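I opened the notebook to record what I looked up about pockets, cavities and helix packing. The entries follow in the order in which I made them.

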Amino acid sequence: MGHVMQVLGLSRVEEEVYRHFLRNPADTEEGAGAELGMSPDVGRRALERLLSLGLLRRSTGQVHAVEPSAVVPRLADAELERLLGRMRGLADTRGIVSSLESEGCRRGRGDDSDRAGIERLGDLSRIRERIDELAFFSREEVLSVKPDDRRSPEYVTHARPIELRCLRRGVRMRGVVAPGLLGDRDATSYLSELAHLGAEVRMSGRLTELLLVYDRRTAVLPADTRDLSRGVLVTREQAVVDNAVKLFERLWEGADRFPVGEGAPVPTASQRLVLHTMCTVPKDEVGARRLGVSLRTYRRHVAEVVALLGADNRVQAALAARDRGWVPAHADTTIASDRPRG
């Protein structure tokens with residue numbers, strides 16, 4: 001059967017004792033020791049630790065095993081926190097260096113990057129560059145947990161083209177956000193736009209720290225959850241990445257649907273065709289012939305998509321449509337005038 005609970009921090013003996021009480025509900029301590037052939041001291045130490053961890057409970061001289069579905073996720077969370085804490089400690093070695101220098105050792109050369117497979121970034125511009133790079137090279141999936149309850153205009157301006165590019169390439173994007181964003185109309189509109197292009201968004205009030213995972217190969221985590229100004233850690237250590245993915249999946253399963261889309265403009269297939277035609281033909285007459293409709297009907301359709309985008313004219317509508325990915329960004333543009341030609 002193997003020692004599968006080692007990843008949760010249990011010894012082989014402790015796992016054997018726990019499995020015994022799963023197979024033999026309400027057995028006694030003496031019964032477990034006799035069946036497993038353990039010395040009294042070894043069995044007692046394992047039993048006491050399992051009781052302290054909450055995997056077992058005593059009741060009137062008998063021992064009962066707690067259901068695995070109740071204890072395994074809790075143990076996994078605790079082990080993940082331990083691993084993340086160790087990773088942060090390995091990334092910040094300044095205290096170790098200072099301690100050794102006080103003993104007369106030579107000053108260590110280099111910085112904290114790439115120690116134990118971890119890269120530490122403190123400068124905001126460098127963090128953005130690294131995240132942009134990771135998103136650019138993602139081919140399968142991007143997972144994100146963002147506990148902040150606001151999205152500044154600068155953030156949206158910077159993030160939109162990157163996230164839209166991922167979605168156009170077919171990258172699956174799942175994000176858990178704070179419910180406080182519901183009060184931010186611009187943020188809700190932005191998330192609605194991403195959702196209409198295929199992103200999946202949920203919300204949870206249990207978010208405590210930033211978490212980004214790219215293609216399940218690279219994770220980005222805060223260097224210090226108590227002080228976000230200390231930057232982030234980027235790691236490809238697979239054990240850490242795997243645990244970050246597990247943490248995300250648990251948050252995702254317990255999160256609520258984010259009510260994106262209510263009132264957000266979404267073009268139909270025919271409206272997208274009108275938009276593309278409007279952006280690529282020099283005259284309304286040409287656009288009407290291309291779509292096989294009358295000139296009046298074509299102009300009415302154009303007016304509808306301009307209004308859908310909340311634009312004042314066709315040029316603004318074309319720019320907004322490209323910004324949202326509704327028309328190809330590389331298409332040649334020749335926009336006819338808003339004024340009907342007699």
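I classed the lining of the largest pocket and found 17 nonpolar, eight polar and nine charged residues. In this scheme Ala, Val, Leu, Ile, Met, Phe, Trp, Tyr, Cys and Pro are nonpolar, Asp, Glu, Lys and Arg are charged, and the others, Gly among them, are polar. I note that the model is predicted, that local features need pLDDT of at least 70 and side-chain atom pairs pLDDT 80 or more, and that totals for chains, interfaces and linings use all residues. Residues are numbered from 1 along each chain as its sequence is written, and side-chain values use heavy atoms, with hydrogens and water left out.

I then located the pocket. Its lining has 34 residues, and Leu-124, Ile-131, Asp-148, Tyr-155 and Leu-210 lie nearest the centre. At least two lining residues come from each of α6 (124–137), β4 (141–146), α7 (153–168) and β7 (211–214). Helices (H or I, at least four residues) and strands (E, at least two) are DSSP runs numbered from the N terminus. The space in the largest pocket is about 1000 Å³. On a 1 Å grid over the protein atoms alone, a pocket is an open set with protein on both sides within 12 Å along at least five of seven lines, a cavity is a set of points where a 1.4 Å probe fits but cannot get out, and lining residues have an atom within 4 Å of a point. Grid points are joined across faces, edges and corners, and a volume is the space filled by probe spheres set on the points.

I next looked up the cavities. Ser-144, Glu-163, Gly-175, Leu-191 and Leu-194 lie nearest its centre, among 16 lining residues. β5 gives the largest share of that lining, four residues. By class, I recorded nine nonpolar, two polar and five charged residues in the lining of the largest cavity.

My last entry concerns helix α10 (residues 269–280) and helix α12 (residues 295–308), whose axes come within 10 Å and cross at roughly 100°. The axes are lines fitted to C-alpha atoms, for helices over the stretch in contact, with angles from 0 to 180 degrees between N-to-C directions. α10 and α12 are therefore roughly perpendicular to each other, a term for 65 to 115 degrees. The residues of this contact (heavy atoms within 4.5 Å) include Val-274 and Leu-275 in α10 and Tyr-298 and His-301 in α12.

Notes: Parallel < 35°, antiparallel > 145°, perpendicular 65-115°, else oblique.
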